[in-house]
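Q: Could we go through this model together, ligand site and then a few single residues?

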Amino acid sequence: MKILDIRVLGDPVLRKITTPVEAVTDDVRALISDMFDTMYAAEGIGLAAPQVGRTERIAVMDVEGQKFALINPEIIESEGSARGEEGCLSIPDIFGEVPRATRVIVRAINEKGEQIEAEGTELLARCMQHEIDHLDGKLFIDYLSMLKRRSALSKWEKIKEDYPNFIRKVAQEIRGPHHSEGEL
Ligand code: K1U
Ligand code: ZN
């Protein structure tokens, strides 16, 4: 189990466009495993590689038990639109309403190197879009109106002092599919 540092708003890595993964190697699988550990420790429902300082096109998510590691994901179908509140592990304590498609189909490669098509609706669809945005250097605050974005950024100016060098250290907690509550 390895918990990685999370990069927060202001770290240039969050604005980089990621590089497609050419082969699903043991190193890629190790990164995916560390990303899941980090996501569970941070109590998130998703995590993208730039959030842990990496530039590979990889995201993980676990939304109500629907768990995916998506390598080189792309949205191939989307429908509907709904506004919903989002947060981001890289912008702690800031929230905002973002319009997203309510159903998407994502084509990706899984940890075994197989091509998959995953359907997401509601929160899973939202999470898939949020994570794929991270892989394109986009953050949920980019969707806010100028007024709301300004207010979010001015709040962030104070909060960011808690994260020297744009690094968020995540405390190790036991959570996730392999551990039951109360287990040490
Ligand atoms: O990528 C990330 O920063 C993770 C982020 C993903 C996300 C949050 C909300 C909507 C869509 C995608 C989080 O997991 S932040 C944690 C969080 O806000 C949350 C946790 C449980 C249920 C719903 C949201
Ligand atoms: Zn995020």
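Q: Where does ligand 1 sit?
A: Ligand 1 sits in the largest pocket. A pocket here is an open set of points on a 1 Å grid over the protein atoms alone, where a 1.4 Å probe fits and protein lies on both sides within 12 Å along at least five of seven lines; a molecule sits in it if more than half of its atoms lie within 2 Å of its grid points.

Q: What should I keep in mind about the model and the numbering?
A: This is a predicted model, in which local features need pLDDT of at least 70 and side-chain atom pairs count only at pLDDT 80 or more, while totals for chains, interfaces and linings use all residues. Residues are numbered from 1 along each chain as its sequence is written, chains are lettered from A and ligands numbered from 1 in the order in which they are written, and side-chain values use heavy atoms, with hydrogens and water left out.

Q: OK, how many residues surround ligand 1?
A: The shell has 14 residues, the closest being I45, G46, Q51, L89 and E131, where a residue counts if one of its heavy atoms lies within 4 Å of the ligand.

Q: And which element gives the largest share of that shell?
A: Helix α2, residues 122-135, contributes five residues, the largest share; helices are DSSP runs (H or I, at least four residues) and strands likewise (E, at least two), numbered from the N terminus.

Q: Which backbone atoms lie by an oxygen atom of the ligand?
A: A backbone N or O atom of I45 is 2.7 Å from an oxygen atom of ligand 1, and one of L89 is 2.8 Å from an oxygen atom of the ligand.

Q: Switching topic, what is phi of N72?
A: Phi of N72 is near 50 degrees, a positive value in a residue other than glycine, and N72 lies in strand β4, residues 66-79.

Q: What about F166, where is that?
A: F166 lies in the loop between α3 and β9 (167-168), and its phi is near 60 degrees, again a positive value in a residue other than glycine.

Notes
A polar contact is a pair of N or O atoms within 3.5 Å; within protein, one must be able to donate a hydrogen and the other to accept it, and residues adjacent in sequence count only if both atoms are side-chain atoms. On a 1 Å grid over the protein atoms alone, a cavity is a set of points where a 1.4 Å probe fits but cannot get out, and a pocket is an open set with protein on both sides within 12 Å along at least five of seven lines; lining residues have an atom within 4 Å of a point.
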